[in-house]
Amino acid sequence: MPEAAEHVGSGKVRELFALDDERLLLVASDRISTFDVVLPTEIPDKGRVLTGLSAFWFARTHEIVPNHLLALREDGRSTECRRLEMLPIECVVRGYLSGSGWKDYRTTGTVCGHVLPSGLAESSKLSEPVFTPSTKAMTGHDENIDRDRALELMEPELYDAAEQASLAVYQFASDYANARGIIIADTKFEFGLDPEGRLVLGDEALTPDSSRFWPADVYAAGGPQPSFDKQFARDYCETVGWDKTYPGPELPDEIVAGTRARYVEAFERLTGIAFDDYVADPEAVLR
Ligand code: Q0N
């Protein structure tokens, strides 16, 4: 951790520190959230798994769109990145109908202005992935918006570039993951502009915290799908009669171990690298 570094932002499970005028340090903790609440029990190595996976994708997609990754630290959970001017929208791509996309479709037949065919079920695969941006609403929950609404916040050229880059990176990762038994149902990207005004992919990308990862072998449209990573923890939370408000329940050791094993399995299946090899040398994911 940086000594006396300026804390420039925090999410539920990650923190951002200024290193200097041009660089930030993004640190992923082992905290886990379920049903939007951070649980009191950590999942050992979760931050390393997500950091390594994100860096893996950055290394393999930089020719599609440049990204903010400068270096991975020895701890495996910290990323040095370029400081960007972030876009005012979250760039979501959906290949399957789930979460707020399913909810919007059920009530309006559309998602973010995309008119979808009738008769789709929860978790249905879409004929083409759709770009479904959102804004950070005051309530803390994201609000889906259409192109016209987004153009009140940004220039059309920039919106179109972010859409195209989002769809291209999702398509690449989705195909890659599919071949390894994991469906990336949807994902959220955050882009920014570098000092030269170029579009750059930031934040973490294509991790289980920024995406829905589903095990392909049990996929069946017509209802919700199990989460590849968090399902043990979610199922446990359901059994203890928790009302899903703060604070969440402590997780027992076997649930922690099972959840950790699923994160590590996602990392190893997608990267083809043993997690222990990553811990010994984080730059293994960049080669
Ligand atoms: C930034 N956020 C989103 C991390 C994500 N490269 C960057 N340059 C300037 N600002 C940001 C980034 C990045 N990434 C991204 N906020 C600022 C939310 N944060 C929450 C904390 O964890």
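Mentor: Start with Cys 81. Its relative accessibility is 1%, so Cys 81 counts as buried. Buried means under 20% relative accessible area, exposed means over 50%, and partly exposed is in between (1.4 Å probe, protein chains only). Before we go on, some ground rules. This is a predicted model, where local features need pLDDT of at least 70 and side-chain atom pairs count only at pLDDT 80 or more, while totals for chains, interfaces and linings use all residues. Residues are numbered from 1 along each chain as its sequence is written, and side-chain values use heavy atoms, with hydrogens and water left out.

Trainee: Is Cys 237 buried or exposed?
Mentor: Cys 237 is buried, at a relative accessible area of 0%.

Trainee: New topic. In what order do the five strands of the open sheet come?
Mentor: The order is 1-2-3-7-6, with antiparallel pairing. Strands here are DSSP runs of E, at least two residues, and helices are runs of H or I, at least four, numbered from the N terminus. Two strands pair if DSSP finds at least two bridges between them.

Trainee: Which are the edge strands?
Mentor: Strand 1 (7–10) and strand 6 (69–72), and each pairs on one side only. From one strand to the next, the twist averages 25 degrees.

Trainee: What packs on the sheet?
Mentor: Helix 1 (residues 46–61) does, touching strand 3, strand 6 and strand 7 (78–82). The direction of helix 1 makes about 135 degrees with that of strand 6. Axes are lines fitted to C-alpha atoms, for helices over the stretch in contact, and angles run from 0 to 180 degrees between N-to-C directions. Contact means heavy atoms within 4.5 Å.

Trainee: And how many bridges pair strand 2 with strand 3?
Mentor: Five, in the antiparallel sense, between residues 14–18 and residues 23–28. In that pair, Leu 16 stands opposite Leu 26 of strand 3.

Trainee: On to the ligand. How many residues surround the ligand?
Mentor: 13, and the closest are Leu 26, His 68, Arg 82, Leu 84 and Asp 203. To be near, a residue needs a heavy atom within 4 Å of the molecule.

Trainee: Which atoms of His 68 and Leu 84 come up?
Mentor: For His 68, an N or O atom in the side chain is 3.0 Å from a nitrogen atom of the ligand. For Leu 84, a backbone N or O atom lies 2.8 Å from a ligand nitrogen atom. Asp 203 also has a backbone N or O atom 3.0 Å from a nitrogen atom of the ligand.

Trainee: Where do Asp 36 and Ser 123 lie?
Mentor: Both are in loops. Asp 36 is between strand 4 (33–34) and strand 5 (37–38), and is partly exposed at 48% relative accessibility. Ser 123 is between strand 11 (114–115) and strand 12 (125–131), and is buried at 0%.

Trainee: Last one. Why call strand 9 largely enclosed?
Mentor: Because six of the six residues of strand 9 (residues 91–96) are buried. Strand 9 pairs antiparallel with strand 15 (residues 182–193) over four bridges, and Val 92 stands opposite Lys 188 there. Three bridges join strand 9 to strand 12, also antiparallel. Tyr 96 stands opposite Lys 125 in strand 12.

Conventions. A polar contact is a pair of N or O atoms within 3.5 Å; within protein, one must be able to donate a hydrogen and the other to accept it, and residues adjacent in sequence count only if both atoms are side-chain atoms.
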